[in-house]
Amino acid sequence: VKPKINADIFLMVDSLARKERIATMKLLQKHLKKGEEELYILNMFVYQFRNIIQVKELSDSGESEKEIAEKLKIHPYVLKKTINQAKLFSLAELKKIYRIMLRADLYIKTGRIKADTALELLVMDITK
């Protein structure tokens, strides 16, 4: 069975990575109204920022795009987009964002906060 890939989710993740608050919030609301699972959305955010962190670390250590693509097994087109996103952040910022996502995940799973609220707060924190 092949999963249905929604292109809009990638647009939303990309707008979050570019710190575009309004665009990200609009896309987030669109996905929530369509009934998409909040944890799926959070997992997509986490997946992309994990890639950004890995690309940033390898790029900063002098690895070429080809070497990064081979090590991370990322398609060259996705790698180029991720490299561009990585340039927008310092490694310290990326680690902070990852902690924000971890906190959101924990709060959702323990029932401390509603999932949609946690996602909105996450977007607000990242796009400051």
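1. Let's start where α2 meets α7. On the α2 side, Arg21, Thr24, Met25, Leu28, Gln29 and Leu32 touch Asp116, Leu119, Glu120, Val123 and Met124 of α7, where contact means heavy atoms within 4.5 Å. These residues divide into six nonpolar, two polar and three charged. Here Ala, Val, Leu, Ile, Met, Phe, Trp, Tyr, Cys and Pro count as nonpolar, Asp, Glu, Lys and Arg as charged, and the others, Gly among them, as polar.

2. A word on the source: this is a predicted model, in which local features need pLDDT of at least 70 and side-chain atom pairs count only at pLDDT 80 or more, while totals for chains, interfaces and linings use all residues. Residues are numbered from 1 along each chain as its sequence is written, and side-chain values use heavy atoms, leaving out hydrogens and water.

3. Now the geometry of that pair. Helix α2 covers residues 21-33 and helix α7 residues 115-126; they pack at an angle of about 165°, and their axes lie 10 Å apart. Axes are lines fitted to C-alpha atoms, for helices over the stretch in contact, and angles run from 0 to 180 degrees between N-to-C directions. The two helices are therefore roughly antiparallel, the word for angles over 145 degrees, just as 65 to 115 counts as roughly perpendicular, under 35 as roughly parallel and the rest as oblique.

4. You can compare this with α4 (residues 65-72) and α5 (residues 76-86), which pack at about 110° with axes 10 Å apart. That makes α4 roughly perpendicular to α5. Glu65, Ile68 and Ala69 of α4 make this contact with Leu79, Lys80 and Ile83 of α5. By class, the α4 contact with α5 has four nonpolar, no polar and two charged residues.

5. Stepping back to the whole protein, you will find seven helices and zero strands; helices (H or I, at least four residues) and strands (E, at least two) are DSSP runs, numbered from the N terminus. The C-alpha atoms fill a box of roughly 40 × 35 × 25 Å along the principal axes.

6. Finally, how far to trust the model? Mean pLDDT, the predictor's confidence in each residue from 0 to 100, is 90 for the protein, and 95% of the residues reach 70 or more. Confidence is lowest in helix α1 (residues 7-17), with a mean of 83, and highest in α7, at 96. Over residues 1-5 pLDDT stays under 50, and the model has one contact beyond four places in sequence for them.
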